[in-house]
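Subject: Structure handover

Hello,

Here is the structure I said I would pass on. Please look through it first, then read the notes below.

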Amino acid sequence: MTIKFLALFRRSVGVSALAGSGVLALSLTGISPATGQGAAPAAIVGDPARGLEKSATCLGCHSIPGYKADFPVVYSVPMIGGQNAKYIENALKEYQKGERRFPSMIATAKSLSDQDIADLAAYFSSQR
Ligand code: HEC
């Protein structure tokens with residue numbers, strides 16, 4: 001019992017020492033330790049229902065099967081309904097970073113937070 005307790009104690013001391021160095025590294029890179037929590041950031045989970053609410057501006061250009069808004073065909077807009085969520089997320093982040101160059105998509109992507117992107121990816125990938 002006592003030995004088990006000591007082992008646990010030692011392990012928790014080791015962990016907090018690690019956490020301490022994590023906080024130090026974070027503050028050196030200018031990220032506040034308060035938001036960094038000394039560990040990896042919490043995973044963002046996309047919510048398709050919220051994605052639907054946020055998709056209004058996308059629908060005029062990206063024709064979704066079943067959605068009856070037509071956009072004059074000046075260039076072809078890729079279908080994103082039914083596309084893999086990770087693909088959509090990566091594409092939007094590439095527009096944000098300027099790795100993909102299409103002016104209206106860069107402007108659109110820059111207006112989105114990581115949570116918006118996750119929600120939109122969850123929504124569009126759930127389409128058929
Ligand atoms: C003004 C019209 C327009 C609007 C609004 C728009 N898009 Fe796009 N989107 C495009 C065009 C055109 C492309 C292809 C551009 C290119 O060649 O890189 C594209 C590309 C994409 C791609 C990459 C698709 C692929 O197959 O590689 C994704 C993902 C995407 N848009 C998501 C969105 C989302 C999400 C929204 C709403 C927040 C949105 N778009 C709003 C016109 C638009």
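A place to start is F124, which counts as buried because it has 25 C-beta neighbours inside 10 Å. A residue is called buried if 20 or more other C-beta atoms lie within 10 Å of its own, exposed if 12 or fewer, and partly exposed in between, with C-beta atoms placed from the backbone. F124 is found in helix α7. Leaving aside neighbours within four places in sequence, F124 is in contact with G51, I80, G81, Q83 and I88. Two residues are in contact if their C-beta atoms, placed from the backbone, lie within 7 Å. The C-alpha atoms of F124 and P48 are separated by 7.7 Å, although these residues are 76 apart along the chain.

Before going on, note that this is a predicted model: local features need pLDDT of at least 70, side-chain atom pairs count only at pLDDT 80 or more, and totals for chains, interfaces and linings use all residues. Residues are numbered from 1 along each chain as its sequence is written.

The chain as a whole

The secondary structure comes to seven helices and zero strands. Helices (H or I, at least four residues) and strands (E, at least two) are DSSP runs, numbered from the N terminus. Of the 128 residues of the chain, 14% count as buried. Among the contacts with a separation of 6 or more, 57% are between residues 24 or more positions apart.

The core

Which residues make up the largest nonpolar core? It has 12 residues: I80, I88, L92, Y95, A109, I117, A118, L120, A121, A122, Y123 and F124. A nonpolar core here is a set of buried Ala, Val, Leu, Ile, Met, Phe, Trp, Tyr and Cys residues joined through C-beta atoms within 7 Å. The elements that give two or more residues to this core are α5 and α7. Of the elements, α7 gives the most, with seven residues.

How α5 packs

The axes of α5 (residues 85-97) and α7 (residues 114-125) come within 8 Å and cross at roughly 140°. That makes α5 oblique to α7. Axes are lines fitted to C-alpha atoms, for helices over the stretch in contact, and angles run from 0 to 180 degrees between N-to-C directions. Angles under 35 degrees count as roughly parallel, over 145 as roughly antiparallel, 65 to 115 as roughly perpendicular and the rest as oblique. On the α5 side, the contact is made by A85, I88, E89, L92 and K93. On the α7 side, it is made by I117, A118, L120, A121, A122, F124 and S125. By class, this contact of α5 with α7 has nine nonpolar, one polar and two charged residues. Ala, Val, Leu, Ile, Met, Phe, Trp, Tyr, Cys and Pro count as nonpolar, Asp, Glu, Lys and Arg as charged, and the others, Gly among them, as polar. A121 is in contact with G46, A85, I88 and E89, leaving aside its neighbours within four places in sequence.

α5 also packs with α6 (residues 103-110), at an angle of about 100° and with the axes 8 Å apart. That makes α5 roughly perpendicular to α6. The residues in contact are L92, Y95 and Q96 of α5 and M105, I106, A109 and K110 of α6.

Two partly exposed residues

I44 lies in the loop between α2 (33-36) and α3. I44 is partly exposed, as 14 other C-beta atoms are within 10 Å. Not counting residues up to four places away in sequence, I44 touches D114, Q115 and A118.

R50 is found in helix α3 (residues 48-54). R50 is partly exposed, with 16 other C-beta atoms within 10 Å. R50 and A122 are 72 residues apart in sequence and 9.0 Å apart in space, C-alpha to C-alpha.

Regards
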